[in-house]
Amino acid sequence: MSGEQIGGVAIDYLGLAQEIVEQVSRKGVEAEALIMAGQTTMVRVNKGQVEQLSQASPKGLGVRVIKEGRTGYAYTSDLSPQGVKESWRDALALAESADPDEYRSLPEPQPTEGGGLALYDPALVTVPTEEKIALAKEVEEAALSLDPRIVATIRCTYQDEAWHIYLANSRGLADSYERTVAATYLRAVAREEESQVAGLGVGLSNFYGELDPIAIGQEAAKRALELLGGNPLGTQRATVVLDPLAGTELLFFISEALTGEAMQRGRSFLLGKLGQKVASEAVNLVDDGRLPRGYASAPFDGEGVPTSLTRVMESGVLDHLLYDHYTAQKDGTRSTGNASRGSYRHLPKVSPTNFYLEPSSLSREELMRGVEAGFYIKSTLNTGGINPISGDYSVAANGLWIEKGEVTKPVSGVTVASTLGEILKNITAVADDLRFLPFYGSTGAPTIRIEGMQIGGK
Amino acid sequence: MLDPDTVRRILDEALRNGGDLAEIYLEDRTSLSLALEESKIERALRGADRGAGIRVFYGDTAAYAYTDDLITQSLLRAARAATSAAKGSNRSRVLDFTRSSSPLEFPIEKPFDSLSEREKAKLLHRVDQVARGYDPRVSQVRTGYLEYRQQVWVYNSQGLWAEDDRKMVEIRIAVVAQDKGVIQTIHSGIGAQSGLEVFDRIDPLAEAQELAQAAVRMLDARPAPAGEMPVVMSNAWGGVLFHEACGHALEADFINQGSSVFAGRVGEKVASSLITLIDDSTLPARRGSFRFDDDGTPSQPTVLIEQGVLKSYMWDLAEARKRKARSTGNGRRESFRYLPLPRMTNTFIASGDSDPEEIIGSVKRGLYVKRLGGGQADVAKGDFVFSITEGYLIEDGKITAPIRGANLVGNGPAILSEIDMVGSDFEMDKGFGRCGKGQMVPVGLGQPTLRIPKIIVGGTE
């Protein structure tokens, strides 16, 4: 399993990672080596033609050295003996420039379990490229053919990745796993008279066969069509219903404030609120690194600690924080397996895995029924107006106006503002339609109802 | 990097199944970064990215493959992967390479290694001390140093051979201030395409002090008003609004797709006569500058909008081929792992003739925007939104109380037409801008002080 065929020669990457760790730790330091090797395909189509087709087999190494609490890191995409050696020598030398921190160390190996996570689709790498191209074209066609007002698509893309991940450290850790992900996304442009709107469609799965091209293409078209002819509202305070597309964005920024690091460094709007009721009864927040088929699931995290399920908020009470090894050491607790790593080019960083707001049994229609007058937000444009440190929340939004539980007209070009703290307290209902989206980590939200948000318009 | 014979062999291989044009982009990038928080250098990092991307054009399609090493065998394999899609099309010949020369020089006065890693770490410690020392309410400081050198070689089957060598350095600073349960954050940075001499020109310690001052001042900020009002945008970094709201919609890929509000409008009046918008990749020391773009096209200044009239889009090689147009040298990529896209370089609104004091003085009740956070725009409609990270009320022509938690929402083309005062105080940004369009590239921005007579402000009051 740990063999990779390069030029007909099988390379034992886990063995190489262990060898590097052994070499470096002889210098009297703690050492960790991460090797990632994978395959990717990307297809972009426009008007039924392939516009871009990209294929590659990326790979690389990251070496972390901790010398008396000082951290040095180096990475390289060059896995030749010379490239590898340069890399660990750099890491070793750089540790001298960092400052010591008594809590910096590498975690002890613990048993990990990858069974049941369903992360790897062996079919993904054997599906012919022609078939992936056909799938991308099918997505675009589904959008364009839904309605004559759909005039174009923007970046209609199919993309997949298969990764083999090998991690070893000087405390005896040597482990590996593999994962795949296939995704398709596009924007469909709808035009009618003076109005032009782009709507997003997206589908994502660990398994190639589970992508539904028709559904993805049609979602983009529908999201564009329903907003055609939208106008701003008058400035007012109103109930807001958040589509999962906007809800996952909100939740991602809330999750950023719920890490051990954010609390230890005063970078959280919930600073000092551990154990307190900070949200309404309807709010249950979960981080699950072992969610079957979760986009961010893995048997172990970015530094080898087994992943786990953490119930962060229960009925509005902030019960638990997310930790990596370092922040857990600092708080005298255990890592929750939340050290994430964008790639071998990055040091581990504490981050949510599959983070979501638990759904209820309420249908979306039932949730809307209770809204006398309100704004159903279908998409937002965020540009740094959501701040997990100060708690500010301000976005631009497009959507639909609701009266007596029914959608009445499209709305565009308004702002919605509140604070994250107020939003948590004012969530009065969540629906049963939990959906995970990949734009901000792997965050899941059902449709959410929030009272009393400030809408800025004309 | 590679000898021309090897390059020729690889391009021959890339055209084996046909294709109109084959290209190889070789990159060698080395970087050093240091990160400080909690008054400690928490990590020191070096990276090496060496690789190549091979592109084969046939018709309007670009097939691409890349490799993370420069072993001939890997390059030939990538060439075969790129050509596999081109089956059946005409086959072109590889012409002899002629090395392109550039008149541009980006001299380095103080090379990266004129300071040791420890000295660079010390500089970050001083930034931290200055920011913390400004006021006890400064509760956290994060600062980072980044330097990199990116060497680029582009060859194509039409005989093109272009080389570039880009050296970038920056210091980023984020300050958190806290008082009585209120938290405010401000971040910014300084840098350039240059050696370490940029820090003689822009003092990192002065920047740290300015940011600490702004963060503390924002602690007293009151909630921003909501509704429509006049807004005065400060010079330099304010240009980010036009980068997002208008710049992207002038990139040729959106034009060719027909998805941009500016598609098919060259020669039309699209903005107020006070507006001239320029993209210029030749400016010395600017982050968006280069000798050749990532397609190997020489850099150039491009007037996008002249006194309100749309003059040109920004083209890269791939989009220009589709329309038999000429590339304006806007083909850029984050690394060899990506296909180039038409991208902005250094994009700015040229100076006007209003006195900036007069512009502020002309507003009865409105906002003065000193610092914008991120921004985003929808190219199809031109709608944009920006968060204000440092903003003030204007009351009776005077800048008064700081405000917090506000967004600016508007429509790019509409704002461009409505701008009614353009200041004489043009300035470029401090050299830390980067732009994401699925790929990150460094960019430059600039503008004079501007007045937008009415725009929606999204606040809570």
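Where is the place of Glu38(B)? Glu38(B) sits in the loop between β1 (21-37) and β2 (40-58) of chain B. The model is predicted: local features need pLDDT of at least 70, side-chain atom pairs count only at pLDDT 80 or more, and totals for chains, interfaces and linings use all residues. Residues are numbered from 1 along each chain as its sequence is written, and chains are lettered from A and ligands numbered from 1 in the order in which they are written.

View 1. Glu38(B) is not a glycine, and its phi is near 55°. Glu38(B) is partly exposed, with 14 other C-beta atoms within 10 Å (buried means 20 or more other C-beta atoms within 10 Å of the residue's own, exposed 12 or fewer, partly exposed in between; C-beta atoms are placed from the backbone). Lys180(B), also a residue other than glycine, has a positive phi of about 45°. Lys180(B) lies in the loop between β6 (160-179) and β7 (182-192) of chain B. Lys180(B) counts as exposed because 6 C-beta neighbours fall inside 10 Å. Strands here are DSSP runs (E, at least two residues), numbered from the N terminus.

**View 2. The largest nonpolar core.** This core has 280 residues, and Val63(A) and Val175(B) have the most contacts inside it. A nonpolar core is a set of buried Ala, Val, Leu, Ile, Met, Phe, Trp, Tyr and Cys residues joined through C-beta atoms within 7 Å. Strand β7 (residues 150-169) of chain A gives the largest share, 10 residues. Apart from this core lies another of 5 residues, including Val169(B) and Phe199(B).

**View 3. Surroundings of Val63(A).** Leaving out residues up to four places away in sequence, Val63(A) touches Ile20(A), Val24(A), Ala31(A), Ala33(A), Tyr73(A), Ala74(A), Ser87(A), Trp88(A) and Ala91(A). Contact means that the C-beta atoms of two residues, placed from the backbone, lie within 7 Å.

**View 4. The contact between chain A and chain B.** Chain B contributes 67 residues and chain A 60 residues. On the side of chain B that touches chain A, β2(B) supplies the largest share, 12 residues. Strand β6 (residues 70-76) of chain A and β2(B) run parallel and are joined by 5 bridges (two strands pair if DSSP finds at least two bridges between them). Opposite Ala74(A) stands Arg46(B) in β2(B).

Notes. Helix = DSSP H or I, 4+ residues; strand = E, 2+ residues; numbered from the N terminus.
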